[in-house]
Amino acid sequence: MTEFFKILNSIYGRRSVLNKIKRQRSHAVAVTPDDVCPYEITNNTVKPYSEVPGPKPLPILGNTGRLLPIIGQYDICDVAKISQLLYEDYGKIVKLSGLIGRPDLLFVYDADEIERVYRQEGPTPFRPSMPCLVKYKSVVRNDFFGNLPGVVGVHGEPWKEFRTKVQKPILQIQTVKKYIQPVEEVTNYFIQRMMEMKDGNGEMPSDFDNEVHKWALECIGRVALDARLGCLDPNLPSNSEPQKIIDAAKYALRNVAILELKFPFWRYFPTTIWHKYVNNMNYFVEVCTKYIEEAMVRLQAKQHVNESELSLIERILAKEPNPKTATILALDLILVGIDTISMAVCSILYQLATRPEQQEKLHQELKRLMPDPDTPLNVKLLDEMVFLKSFVKEVFRVYSTVIGNGRTLQKDTVIMDYNIPKGTQVVFPTLVTGSMGEYVSNPNEFMPERWMKKNDEEFKIHPFASLPYGYGARMCLGRRFADLEIQVLLAKLIRSYKLEYFHQPLEYKITFMYAPEGELKFKVTKRDD
């Protein structure tokens with residue numbers, strides 16, 4: 001989930017009409033004094049925080065007024081555009097202060113400075129999180145989470161302690177390898193379902209994005225719960241567990257957006273939407289607990305099993321005395337994974353469908369590696385799919401599902417010659433920096449080839465300009481599984497089918513992620529080869 005969305009969407013407002021605003025533009029250099037952070041000083045003058053460029057707060061309402069419906073200058077529903085406008089209007093460092101009930105936001109568009117901030121942070125970076133999830137875990141269900149809060153919506157030592165318990169098995173390549181076949185099995189069935197859901201024109205239904213969500217949930221369930229949930233069954237009764245899981249997932253995600261986007265009345269008194277959110281989260285806890293308990297029974301029935309033969313969940317259950325560790329990890333993986341992976345896949349498929357030449361290159365690569373389209377996938381084949389992985393990276397650079405990352409400063413820090421106080425929320429808009437000419441060669445051209453090693457010298461890419469999974473200790477914990485699921489789907493689909501799109505171009509918008517908005521009515525045609 002994008003920290004940038006979490007930060008901005010918890011400010012209030014929606015549309016824009018005002019256009020005049022006091023502007024300053026910054027061309028400062030990035031430095032930090034030794035007495036604040038371990039940066040090399042290149043300028044003897046550190047300017048005060050009050051001089052950081054940015055929109056001047058309005059009387060009474062501050063900059064919250066610029067984000068209000070009808071009278072506001074910025075449309076909070078289009079945070080991608082806001083981040084671009086702030087850069088165009090003010091430069092590489094922009095302060096958005098005077099936000100009612102919120103700390104200041106500091107936007108940094110300098111990749112070198114972003115790198116410095118990341119590299120100097122301590123072992124427990126503070127990443128802005130969804131207040132509604134924080135309240136659920138720490139207040140509403142403290143009886144369940146207690147001293148095992150998980151990795152999402154948690155900070156400091158509790159976060160570090162929990163992550164230490166789970167990061168080794170979840171990040172090890174040997175663990176990920178075990179899921180190639182299970183994810184391929186889910187994906188083969190999903191593609192079969194795609195063929196069954198085609199209309200008379202050979203196109204996907206108007207709600208195809210919901211079908212992608214089901215596929216993502218089924219894949220994540222296989223990894224996080226050691227189970228097939230049955231979400232891809234075309235005839236699910238409304239009261240069946242799989243359908244209830246799907247409904248709860250959709251409802252929880254949509255309500256997170258609403259809870260964070262609108263004025264947060266739920267913080268002060270229980271609202272209807274807050275009650276529904278809590279009920280949905282409780283259902284997820286119930287489901288995760290059920291499947292983890294079943295996994296524990298299966299593990300206990302095994303005798304003399306080598307650790308390398310265990311699944312992800314079994315490895316955690318075998319090492320941790322409290323099975324809640326596995327349950328809470330599963331909950332976090334599901335919460336952060338469903339929308340992120342499904343929206344990324346929707347974006348990638350749309351780009352493939354609207355870039356036939358690039359799709360053909362991918363098909364030729366897959367055809368060379370898998371002359372027989374029914375060839376089972378393995379680590380070697382996936383490693384050799386160089387163009388496939390490069391295409392995904394290029395989509396993430398230009399249309400990053402997660403449009404930015406963020407940190408809350410834990411001490412006063414000098415950023416770009418300005419003294420930034422502790423508590424400021426710093427935003428790194430990767431969607432903007434990934435398209436800046438000084439960090440990326442030919443940034444306006446869509447070129448997957450730029451990511452291929454043989455072209456390293458020809459194409460310039462700053463390593464901190466595009467960070468779809470974040471960086472450092474708080475880098476996405478499930479990134480290896482996300483990559484695996486995306487690669488398996490693309491490999492199996494594009495090897496055997498041609499994807500086309502014959503409707504009006506779709507605009508990218510923020511729902512909860514940055515993705516094409518509209519009906520993904522792809523035409524899917526079986527290939528002869």
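A residue is called buried when its relative accessible area is under 20%, exposed when that area is over 50%, and partly exposed in between, as found with a 1.4 Å probe on protein chains only. The exercises below concern a predicted model, in which local features need pLDDT of at least 70 and side-chain atom pairs count only at pLDDT 80 or more, while totals for chains, interfaces and linings use all residues. Residues are numbered from 1 along each chain as its sequence is written, and side-chain values use heavy atoms, with hydrogens and water left out.

**Exercise 1. Describe the open sheet and the place of strand β2 in it.**

Step 1. Helices (H or I, at least four residues) and strands (E, at least two) are DSSP runs, numbered from the N terminus, and two strands pair if DSSP finds at least two bridges between them.

Step 2. With these terms in hand, the sheet can be read as 4 strands in the order β1-β2-β6-β3, with mixed pairing. The strands β1 and β3 (405-408) stand at the edges with a single partner strand each, so one side of each has no neighbour in the sheet. From one strand to the next, the twist averages 20°.

Step 3. Strand β1 (residues 93-96) runs antiparallel to β2 and is joined to it by 4 bridges; Ile-93 stands opposite Val-108, and Val-94 has Phe-107 as its bridge partner. Between β2 and strand β6 (residues 425-428) there are 3 bridges, and these two strands run parallel, with Val-426 as the partner of Leu-106.

Step 4. In a regular strand the side chains alternate between the two faces of the sheet. In strand β2 (residues 105-108), Leu-105 and Phe-107 on one side and Leu-106 and Val-108 on the other are all buried, so that both faces are covered.

Step 5. Helix α3 lies across β2, β3 and β6 and runs at about 130° to β6, where axes are lines fitted to C-alpha atoms, for helices over the stretch in contact, and angles run from 0 to 180 degrees between N-to-C directions.

**Exercise 2. Compare the surroundings of the salt bridges Asp-110 with Lys-92, Asp-529 with Lys-367, and Glu-507 with Lys-509.**

Step 1. A salt bridge is a side-chain nitrogen of Lys or Arg within 4 Å of a carboxyl oxygen of Asp or Glu. Side chains of opposite charge can pair when their charged atoms come close. By this rule the model has 24 salt bridges.

Step 2. In the pair of Asp-110 and Lys-92, the closest N and O atoms are 3.6 Å apart. The pair links distant parts of the chain, with Asp-110 in the loop between β2 and α3 (111-120) and Lys-92, 18 residues away, in the loop between α2 (79-90) and β1. Asp-110 counts as buried because its relative accessibility is 9%, and Lys-92 is likewise buried, at 15%.

Step 3. Asp-529 and Lys-367 have their closest N and O atoms 3.0 Å apart. Asp-529 lies in the segment after β10 (523-526) and Lys-367 in helix α14 (residues 356-369), so the pair ties together parts that are 162 residues apart in sequence. Asp-529 is partly exposed at 35%, as is Lys-367 at 31%.

Step 4. For Glu-507 and Lys-509 the N to O value is 3.9 Å; Glu-507 is exposed at 54%, whereas Lys-509 is partly exposed at 26%. Elsewhere, salt bridges that share partners join Lys-92, Asp-110 and Glu-438 into one network.

Definitions and conventions: Contact means heavy atoms within 4.5 Å.
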